[in-house]
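Please look over the sequence and the model that follow, and then read this short report on how two chains meet.

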Amino acid sequence: MSWIEKLYETSVEIGKMQLSGPDRPWPVSHVAKKAHVEVTLGSKGDFRRIRALSFDESLTIIPVTESSANRTSNDAPHPLCEELSYCAADLPNRKEKRFKEFIELMDQWAESEEFSHPKVKAVRNYLKNDGKLYTVLCKNNLLPFKTVNPKGKKTPVEDKKVFVRWCIEESGKPHSGTWEDESLIESWINFDASQNMPNKENQSLCMLSGASVRIAKGHHRFLRTPDDGAKLLSSNDLEGFTFRGRFTDVKNDSGKQACTVGYVESQKAHNALRWLIARQKYHKIEDEFVRCFVTWAVRCKPIPDPCANSLDFLGDEFKINDTATPQDGDVGQSFALRFNKKLAGYKANISDTEDIVVMGLDSATPGRMAITYYRELTGSEFLERIEKWHSDFSWFQNYGRDKRFLGAPSPKDIAWCSYAKRIGENSELRVDIKLLNATVERLLPSIVDGRPVPRDLIEQSVRRVSNRAGLEPWEFEKCLGIACSLFKGFYNDRRYSMALEEERTSRDYLYGRLLALADQIEWRALRLANEKRGTTASRLMQRFSDRPFSTWKNIEEALKPYKDRIRAKYPGLLDGYEELLDAIHSKILSANYITDTRLTGEYLLGYHCQRQWFRDHKREKGQWILKSADDVENQEADFEE
Amino acid sequence: MHETAKNTIEFKLWGRFALFTDPLTKIGGEKCSYHVPTYEALKGVCKSIYWKPTIIWVIDAVRVIRRIRTQTKGTKPLEYNGRNTLAIYTFLTGFDENEKDVNRKHGVEYQVRAHFEWNKCNKLLEKDRVDGKHFAIAKRMLELGGRQDVFLGTRDCQGYVEPCIFGEGEGAYDAIDEIGYGLMFHGFDYPDETGINNLYARFWYPKLKKGVLTFERPENCKPELKKFVREMVPKTFGTENIKSVDVETEELGVLE
């Protein structure tokens with residue numbers, strides 16, 4: 001079904017949830033606006049008090065007409081709440097027209113029999129009889145007005161732009177604010193509709209519902225953030241040359257021949273979209289709009305975010321520290337268990353036939369927004385795919401001290417691993433936002449449709465990890481985990497286990513293990529002498545991945561002094577290392593040991609697993625044995641006689 | 001070859017990209033494609049293969065062969081005043097990065113079945129309605145890949161045609177019972193084919209069943225789902241400004 005129909009359907013479902021206050025989507029014919037001052041009146045329109053609004057409370061739902069909601073440079077007034085240039089009769093240098101039109105509109109509303117409301121009458125009476133708002137503001141030292149954001153930054157507001165909202169105190173009515181009064185909101189919606197009854201002029205086929213209704217002249221802005229001017233539906237073909245041809249619209253009517261959407265339908269769909277985006281906590285990065293992916297169930301049930309990594313998916317309850325001990329063998333199994341538990345929670349809520357929509361939004365220019373991705377799935381399909389992604393691509397991830405987990409990386413992480421650059425010497429690794437957008441878009445079909453991951457991303461990430469010199473240690477660890485999970489997921493048919501597979505005899509895997517072993521021996525020896533520097537193995541990793549056979553010779557030769565060092569102190573431990581070296585060597589001989597061709601990402605799996613294995617094992621009485629749970633973090637306990 | 005009436009052609013239609021613009025996104029300029037081709041787009045393809053004012057192409061059905069995927073491209077469309085703007089177009093593509101067969105890596109692929117009927121509104125060309133001859137030319141033109149450029153929805157998306165047998169081979173959606181697409185654009189009612197001097201846009205609720213989209217005939221589309229666009233006068237074609245089909249078949253040598 002088309003995206004706009006789905007949004008409309010969603011808005012109906014949201015309506016059923018009976019939300020109130022700031023949680024609910026904007027009502028039809030209303031927008032949210034930041035007000036600056038609040039004027040409190042009595043029920044007869046008598047002035048009581050005035051105060052400036054703080055940043056947090058300033059967002060106010062105000063009624064609008066269709067033309068005022070889309071006003072840019074024209075004078076169309078909002079009813080009720082307005083800027084001083086419209087509602088202050090005594091503002092110096094004001095445009096007379098604005099006040100006149102504003103009062104006219106208020107009069108029409110207040111005097112209409114069916115739709116009038118005591119609060120409207122109160123405001124109208126105040127403005128007509130008194131209306132010296134400018135003087136009142138001056139008296140209360142509110143001008144010149146400055147807004148203060150939570151960080152304490154002050155922004156001055158022009159006098160005429162100061163926005164006023166109203167409270168009307170009536171005895172026995174708790175909601176004094178005009179934005180809180182449901183009956184007032186209702187009365188404006190009805191009044192506005194009565195002013196725009198469908199007639200020959202404004203009626204046509206709604207391309208959303210297929211009904212013949214009042215057509216929207218303009219559509220909503222502010223979809224992603226409150227300062228987002230981009231519209232999904234817009235038309236400005238008087239200067240451009242976007243769509244004419246068989247269409248011959250003239251000014252004021254531009255776009256009506258090509259496309260018509262009902263006023264109410266359009267507003268409800270847009271309001272639902274805004275609500276969904278806000279619920280996913282979308283925010284700009286470095287003041288730029290990143291591609292926004294909204295995923296939702298039409299019936300508004302909670303669903304997992306396809307763009308989250310497993311840690312975010314499972315939430316805080318899942319940390320590598322409290323997972324099962326390595327004694328359990330393949331830790332992947334325990335991950336799967338926890339994951340399924342969480343997934344079961346979603347499954348319980350989402351029926352198999354539930355409609356799930358994934359939609360991507362982005363804008364190339366500030367004024368317009370494009371749909372960059374659209375996909376509909378059933379609930380069971382969606383959860384299956386999510387499950388498959390997280391289990392196929394799960395690996396040990398180490399994103400830093402508090403972020404160690406078992407699971408799949410997010411598309412963002414993958415983009416970071418493949419393409420992040422350092423601009424300036426000591427800066428962080430960052431991905432260009434356009435590249436990030438493009439990569440996430442390429443990865444999304446892999447998650448949502450179960451398509452294979454683009455191969456170049458896998459190769460790029462493996463290359464990045466192999467080039468260890470360009471990475472800080474923690475960056476290397478993060479990239480290693482991501483590259484391993486990509487490779488493992490891509491070659492899912494090879495069934496890589498998340499623990500060391502001693503039986504696996506492929507060349508690349510064994511070379512990876514050798515590298516980890518060399519790394520371990522040298523690290524151990526350096527540790528004995530309390531030296532802190534990178535090992536030969538880590539320095540030669542890049543060369544090793546390109547020419548393993550010839551590089552291994554260098555690495556092995558360089559190991560000699562370190563072996564001597566260990567032999568002097570812990571001969572038993574060295575025996576253990578030698579034993580392993582021999583074991584891997586003997587296996588690798590039967591594989592294509594001497595072919596000096598480039599290693600695939602598989603060697604990273606061998607490397608990572610072997611390294612993990614060292615962390616979990618110690619040498620005791622001529623045997624490698626599993627460390628007890630307490631020892632796992634204690635690297636000094638590698639050896640006991 | 002196949003058991004269809006002597007006015008039906010069946011062809012394979014493919015290209016790297018397709019953009020069957022959703023009219024909602026058309027006016028803003030950030031074009032986004034429908035997931036399935038529209039009737040009007042396919043009619044345009046048939047017209048590119050062979051067209052004369054004597055005939056009207058009617059699209060019977062389209063079968064989706066390659067799995068539908070989308071890809072966005074940043075574009076820099078020209079504006080009327082010579083400057084440019086920036087936009088993001090969302091295309092359909094079947095591009096598969098992991099496909100081993102290089103020839104199948106790119107694009108969308110459809111099978112189309114269409115037939116032509118006499119344009120009853122054009123009385124001046126009654127003499128041109130010769131059974132068999134138009135069909136012979138259409139078939140020849142299809143074998144040659146069409147008379148004019150074939151494109152998939154939008155001129156940016158070059159397409160290619162080739163005769164095929166409708167329903168042959170595997171399709172990505174063969175196993176899926178039904179996919180609905182909601183209210184969607186069907187085509188335009190042009191005055192030269194309806195005889196009414198008005199332009200209408202037709203809408204319908206398409207359903208992809210087992211990979212096949214069977215089109216409603218234009219005159220069977222629901223009248224309440226028609227949108228009046230504007231008044232329009234057709235161009236007149238007669239025997240004096242059109243080459244007769246007899247001459248053309250002879251020139252081309254398509255009939256023995």
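Which residue of chain B forms a salt bridge with Arg368(A)? In this predicted model, the partner of Arg368(A) is Glu30(B), and the closest N and O atoms of the pair are 3.0 Å apart. The count of salt bridges between chain A and chain B is 1, while 15 residue pairs, both residues at pLDDT 80 or more, are in polar contact across the interface.

On the side of chain A that touches chain B, the elements that give two or more residues are α1 (3–16), β9 (203–205), β12 (355–365), β13 (368–378), α13 (433–448) and α14 (455–466) of chain A. Of these, β13(A) gives the most, with 7 residues. Sorted by class, this side of chain A is made up as the table shows.

| Class | Residues on the side of chain A that touches chain B |
|---|---|
| Nonpolar | 25 residues |
| Polar | 16 residues |

The size of an interface is often given as the accessible area lost when the parts come together. Here, chain A and chain B bury about 3900 Å² between them, and 57% of that area lies on carbon and sulfur atoms. Within chain A, the residues that lose the most area to chain B are Met207(A), Arg246(A) and Arg368(A), which together account for 16% of what that side buries. Counted by contacts, 54 residues of chain A meet 41 residues of chain B.

Chain A itself is divided into domain 1 (35–196), domain 2 (324–361 + 371–494) and domain 3 (507–640). Taken over C-alpha atoms, the centres of domain 1 of chain A and domain 2 of chain A are separated by 49 Å.

Definitions and conventions
Residues are numbered from 1 along each chain as its sequence is written. Chains are lettered from A and ligands numbered from 1 in the order in which they are written. This is a predicted model: local features need pLDDT of at least 70, side-chain atom pairs count only at pLDDT 80 or more; totals for chains, interfaces and linings use all residues. Side-chain values use heavy atoms; hydrogens and water are left out. Domain bounds come from an automatic or database domain assignment. Contact means heavy atoms within 4.5 Å. Buried area is the accessible area (1.4 Å probe) that two parts lose on being put together, summed over both. A salt bridge is a side-chain nitrogen of Lys or Arg within 4 Å of a carboxyl oxygen of Asp or Glu. A polar contact is a pair of N or O atoms within 3.5 Å; within protein, one must be able to donate a hydrogen and the other to accept it, and residues adjacent in sequence count only if both atoms are side-chain atoms. Helices (H or I, at least four residues) and strands (E, at least two) are DSSP runs, numbered from the N terminus. Ala, Val, Leu, Ile, Met, Phe, Trp, Tyr, Cys and Pro count as nonpolar, Asp, Glu, Lys and Arg as charged, and the others, Gly among them, as polar.
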